[in-house]
Amino acid sequence: MIRPSAKPLTQHRALNYAMINQLATPGFGSLLAGRYVAGTGQLLLAATGCVLIGTWFVKVLTVYYSQMTDNPLPAQSHAALGWTGLALFLSGWLWALVTSISIYREAVAARRAELEQKAAALSEPPLLRPR
């Protein structure tokens, strides 16, 4: 879902939204650009992936640190949890990449249309009135 923004989408804004999407938080730049459905989905995928990766990390460290005690936990694999978290995070990030490209292309098209409109207005010769 795309909402009409109060501020026009410029190339600079689109680039900022893309940088937020790719380098900070997948989905947040999409939300700022007004792509609420895509942004929410991207953010949920990335957050769920982070939670799963964090859970995997805690479980692995719990097993490792229990080796220092007299009652160590049996070693077990939690790899599926980590790989699932990574897959979810990467899918949210890639979706954010596709949305970022779409947002930037939309801004470029809007700028091109604006320049063509200005050029058309300037290409008409001025009307000279006889005296």
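Predicted model: local features only at pLDDT ≥ 70, side-chain atom pairs only at ≥ 80, totals over all residues.
**Helix 1.** Select residues 11–24 to display helix 1. At 1.5 Å a residue, these 14 residues should span 20 Å, and the end C-alpha atoms, 19 Å apart, agree with that. Next, highlight Ala14, Tyr17, Ala18, Asn21 and Gln22, the buried residues of this helix. They cover an arc of only 120° around the axis, which puts them on the same side of helix 1. Then turn to the face directed away from the buried side, where the exposed residues His12, Leu23 and Ala24 are found.

**The nonpolar patch.** Select Leu15, Met19, Leu23 and Tyr104, which make a nonpolar surface patch of about 400 Å². Helix 1 supplies the largest share, three residues. Met19, which lies in helix 1, is partly exposed at a relative accessible area of 41%.

**The salt bridges.** There are three salt bridges to visit. Begin with Arg35 and Glu106, whose closest N and O atoms are 2.4 Å apart. Arg35 lies in the loop between helix 2 and helix 3 and Glu106 in helix 4, so this pair ties together parts 71 residues apart in sequence. Arg35 is buried, at 10% relative accessible area, whereas Glu106 is partly exposed, at 33%.

Finally, select Glu114, which forms salt bridges with Arg111 at 3.3 Å and with Lys118 at 3.5 Å. Arg111 and Glu114 are three residues apart in helix 4; Lys118 and Glu114 are four apart in that helix. The shared partners join Arg111, Glu114 and Lys118 into one network.

Terms used:
Residues numbered from 1 in each chain as written. Heavy atoms only, no water. Helix = DSSP H or I, 4+ residues; strand = E, 2+ residues; numbered from the N terminus. Expected span 1.5 Å × (residues − 1). Buried < 20%, exposed > 50% of the residue type's maximum accessible area, 1.4 Å probe, protein only. Arc of directions from axis to C-beta. Patch = residues over 30% accessible without salt bridge, like charges linked within 9 Å, V, L, I, M, F, W, Y side chains within 5 Å. Areas by Shrake-Rupley, 256 points an atom, 1.4 Å probe, with all protein chains shown as cover. Salt bridge = Lys/Arg side-chain N within 4 Å of Asp/Glu carboxyl O.
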